[in-house]
Amino acid sequence: MASSTLKIAAIPGDGTGPEVTAEALKVLDAVSKLDGFAYDVEMLDWGGDRYLKTGEIVPEGGLDLLRSKHAVFLGAIGHPGVAPGILEKGLLLELRFKLDQYINLRPVKLLPGVETPLAGRGPKDIDFVVVRENTEDLYCGVGGYLKKGTPDEVAVQQAIYTRKGCERCIRWAFEYTRNRNSPKKTLTLVAKTNVLTFGHDLWWRTFQEVAKEYPDVKTDYNHVDACCMWMVKNPDAYDVIVTTNMFGDIITDLAGILQGGMGVAAGGNLNPDRGGVSMFEPMGGSAPKYTGQNVINPVAAINAMAMLLEHSGQPTSAAWVEKAVAHVTGTKMKSQAAGKMGHGTKEVGDLVVAALGG
Ligand code: IPM
Ligand code: MN
């Protein structure tokens, strides 16, 4: 049945994006054969090079093309020849907003064999999830200048929070915490209610109201600054965190380093609504200085592919990929840093393929 084919758009992007995407697709191909599902991938050349040639980031009709797929895989964006912000805004944020991917899901799991900067901590201590709102807050691009370029210049950058926006994110986080069903079964709201007394008051009130629908889920609250301390001191206390877009951006980098850094951290931009298209990406940037050297770590991209499978109706394949990755980090890799893995980019992909179904 053609409709059961998993249709993926892949945007390998800039720098080392294509190299890590190739490994994620290699793993997809292998696991699809093992698990027996059909897929097709349409490769899209969006990114810095195309922009420099054509002036276009998302081409005409591009969003509709993505809407015709089940999921999007994004390698990396960021090009030394393009000013910072252009591709981020024109591609990554554009897709998050236009496809209404209102959940940014960031699993924070320390895999076996992966080094964390936290002394004395191991995989049993670091296994939590951050649910970051992904369409509002300071990211809306609402604001402006007054008297730009003069000594009296004023710049305004507005944080926008809506009831609908926070409620759908908070409700999704409660559902997720319920289904994750960890022994802690706790959802922690991270915000700054003592200072952001309008916007984060809306989040706080909404969180309390939605919590009533989930009596089986324990709730907690951290101010964002305190969260940064607790995450380092007691990462094992967290189960699921739900937070605003800007704070989520910051704390997921902190969380990312606890799980071994950008070589392993992956994320999903989810539109969980019926017919919604979600996008999965390794968290690291395009790391242009390593381009073409076969030294970049593809584990984050392969983890992103596992997330894509999990959220696109292939949970068995997702679990197989996760298990294979844990086997490879735990027994085959010297480090997660580029050039220090003890293997090349392609070889790490091959090792994951070899470990599938084992
Ligand atoms: C992330 C990134 C993006 C963000 C940038 C590249 C716009 O840092 O996905 O966390 O700020 O959301
Ligand atoms: Mn970020």
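**Entry 1: Thr 116**

I started with Thr 116, which sits in the loop between S4 and strand S5 (127–133). Helices and strands here are DSSP runs, numbered from the N terminus, with at least four residues (H or I) for a helix and at least two (E) for a strand. The model is predicted: local features need pLDDT of at least 70, side-chain atom pairs count only at pLDDT 80 or more, and totals for chains, interfaces and linings use all residues. Residues are numbered from 1 along each chain as its sequence is written, chains are lettered from A and ligands numbered from 1 in the order in which they are written, and side-chain values use heavy atoms, with hydrogens and water left out.

Is Thr 116 buried or exposed? I found Thr 116 buried, at a relative accessible area of 13%. The cut-offs are under 20% relative accessible area for buried, over 50% for exposed, and partly exposed in between, with a 1.4 Å probe and protein chains only.

I then listed what Thr 116 touches, not counting residues up to four places away in sequence: Leu 110, Arg 121, Ile 126, Ile 257 and Leu 258. Contact means heavy atoms within 4.5 Å. I also looked up Thr 116 against Gly 261: the two are 145 residues apart in sequence, and their C-alpha atoms are 8.2 Å apart in space.

**Entry 2: Gly 260**

Next I took Gly 260, in the loop between helix H8 (245–258) and strand S11 (266–270). Which residues does Gly 260 contact, leaving aside its neighbours within four places in sequence? I noted Leu 110, Val 114, Glu 115 and Gln 336. Val 114 is 146 residues from Gly 260 in sequence, yet the C-alpha to C-alpha distance is 6.0 Å. Leu 110 is in the contact list of Gly 260 and also in that of Thr 116.

**Entry 3: Arg 168 and Asp 100**

Arg 168 is in helix H5 and is buried, with a relative accessible area of 18%. Leaving aside neighbours within four places in sequence, Arg 168 contacts Asp 100, Tyr 102 and Thr 135. I checked Arg 168 against Ala 287 as well: they are 119 residues apart in sequence and 34 Å apart in space, C-alpha to C-alpha.

Asp 100 has a positive phi of about 50 degrees, although it is not a glycine. Its relative accessibility of 25% makes Asp 100 partly exposed.

**Entry 4: Lys 185**

I looked up Lys 185, another residue that is not a glycine but has a positive phi, here about 40 degrees. Lys 185 is in the loop between helix H5 (163–180) and strand S8 (186–191). With 15% relative accessibility, Lys 185 counts as buried.

**Entry 5: aromatic rings**

How many aromatic pairs does a search of the whole structure find? I recorded 5. Trp 172 and Tyr 176 form one that is stacked, with 5.2 Å centre to centre and 20 degrees between the planes. Rings of Phe, Tyr and Trp (its six-membered ring) pair if their centres lie within 6.5 Å; planes under 30 degrees apart are stacked, over 60 edge-to-face, and the rest tilted.

Trp 172 and Tyr 176 are 4 residues apart in helix H5, so about one helical turn separates them. Trp 172 is buried at 16% relative accessible area, whereas Tyr 176 is partly exposed at 22%. I also noted a cluster of Phe 174, Phe 207 and Tyr 214, linked by ring pairs.

**Entry 6: Gly 313**

Gly 313 is in the loop between helix H9 (299–310) and helix H10 (315–331). I found Gly 313 exposed, with a relative accessible area of 55%. Gly 313 and Gly 165 are 148 residues apart in sequence and 26 Å apart in space, C-alpha to C-alpha.

**Entry 7: the whole chain**

The protein chain has 11 helices and 12 strands. Its radius of gyration is 20 Å, close to the 21 Å that the globule rule gives for 358 residues, so the chain is as compact as a globular protein of that length. That radius is taken over C-alpha atoms, and the rule is 2.2 Å times the number of residues to the power 0.38. Buried residues make up 51% of the 358. Of the contacts between residues at least 6 apart in sequence, 76% join residues at least 24 apart.
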